[in-house]
Number of protein chains: 2
Amino acid sequence: MSFEQDQAYHKTFIDLAIDLASNNVRSNCGGPFGAVVVKDGNVIATGVNRVVVAHDPTAHAEIEAIRLACRALASFQLEGCDIYSSCEPCPMCMGAIYWARPRAVYYAATQADATDAGFDDSFIYRDMALVPEARKIKMVHMLHQGAGASFELWRVANRKVLY
Amino acid sequence: MSFEQDQAYHKTFIDLAIDLASNNVRSNCGGPFGAVVVKDGNVIATGVNRVVVAHDPTAHAEIEAIRLACRALASFQLEGCDIYSSCEPCPMCMGAIYWARPRAVYYAATQADATDAGFDDSFIYRDMALVPEARKIKMVHMLHQGAGASFELWRVANRKVLY
């Protein structure tokens, strides 16, 4: 595939992600974000922000698209898939991307654009980088003698599926 | 509430989170993780790792518990709630926690314990801290003249619900 064809290929899907984001605002369904999962040139799943309507703080466009794509593929991995997002993923979605292990992520707007629009995920990136005790949300490590119990069971489990 | 009562209060729920984690391994349902959402002394929701059985890379214990708790409260925020987790949350779950905005998070095992048990989320924390071009998963910022379109619509939207 030539560079030009390659650019046109990617543009098809990033256009779709941006359209999904815009239509989500127009239809008053949620935040201005959209995402698409593509495999071998085919759209496997799309997602839009549904946080408010679904009462679900995790219902970001990328998370929705990843969950639907994995369901469609009957797999907990997005092997050989690409994710196209209207905006650079937030820390939660970035974490989900690492666990889903797609081939690549393409995005249009940046973290800075999102912050300008009132979605301050740069705050989350900064706060997560601090030691737990210094974060805005109180985080407490409780010393507990049973803390390792489930990991011990996991180590000796016969039928576990690694993920 | 005295310090001792306070410790006993928290221990009740962290015990439950650890039991959920252990039982999840024993029953061969998924990874060794459990979480509990508590409000005013009542358990609102629990969650366990269901990544493999649900074909859902986002189905970590904390995400499951947050989603169920928000559904139970019919809210996209965990106002006044505490989250108890058998283990320090991974970056994805940490991001979800920032969006859900609980009062506090209590956890037993640490990130290092999880890494020792084969769940290397410290790799994700390290990789996310790099510039996008340097990350293990290919991440590409696509310059696109429509990148800001959905944000422009959001800025002038009348009926939007901020989240």
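Modeller: Let us begin with a definition: helix axes are lines fitted to C-alpha atoms over the stretch in contact, and angles run from 0 to 180 degrees between N-to-C directions. Two packed helices are described by the angle between their axes and the distance between the axes. The model shown here is predicted.

Biologist: At what angle do the axes of helix H3 of chain A and H6(B) cross?

Modeller: Helix H3 (residues 91–100) of chain A and H6(B) cross at roughly 125°, and their axes come within 11 Å. Angles from 65 to 115 degrees count as roughly perpendicular and those over 145 as roughly antiparallel, so H3(A) and H6(B) are oblique to each other. The crossing is right-handed.

Biologist: Which residues make this contact?

Modeller: H3(A) contributes Pro91(A), Met94(A), Gly95(A), Tyr98(A) and Trp99(A), while H6(B) contributes Asp121(B), Phe123(B), Ile124(B), Asp127(B) and Met128(B). By class, these are 7 nonpolar, 1 polar and 2 charged residues.

Biologist: How are H5(A) and H4(B) packed?

Modeller: Helix H5 (residues 121–128) of chain A packs against helix H4 (residues 91–100) of chain B at about 125°, with the axes 11 Å apart. The crossing of H5(A) and H4(B) is right-handed.

Biologist: How much space lies in the largest pocket, and which elements give two or more residues to its lining?

Modeller: The largest pocket holds about 220 Å³ of space. H5 of chain A and helix H6 (121–128) of chain B each give two or more residues to the lining. Among the lining residues are Tyr125(A), Met128(A), Tyr125(B), Met128(B) and Arg135(B). By class, the lining has 9 nonpolar, 1 polar and 2 charged residues.

Terms used:
Residues are numbered from 1 along each chain as its sequence is written. Chains are lettered from A and ligands numbered from 1 in the order in which they are written. This is a predicted model: local features need pLDDT of at least 70, side-chain atom pairs count only at pLDDT 80 or more; totals for chains, interfaces and linings use all residues. Side-chain values use heavy atoms; hydrogens and water are left out. Helices (H or I, at least four residues) and strands (E, at least two) are DSSP runs, numbered from the N terminus. A crossing is left-handed if the near helix is turned anticlockwise from the far one by less than a right angle, and right-handed if clockwise. On a 1 Å grid over the protein atoms alone, a cavity is a set of points where a 1.4 Å probe fits but cannot get out, and a pocket is an open set with protein on both sides within 12 Å along at least five of seven lines; lining residues have an atom within 4 Å of a point. Grid points are joined across faces, edges and corners, and a volume is the space filled by probe spheres set on the points. Ala, Val, Leu, Ile, Met, Phe, Trp, Tyr, Cys and Pro count as nonpolar, Asp, Glu, Lys and Arg as charged, and the others, Gly among them, as polar. Angles under 35 degrees count as roughly parallel, over 145 as roughly antiparallel, 65 to 115 as roughly perpendicular and the rest as oblique. Contact means heavy atoms within 4.5 Å.
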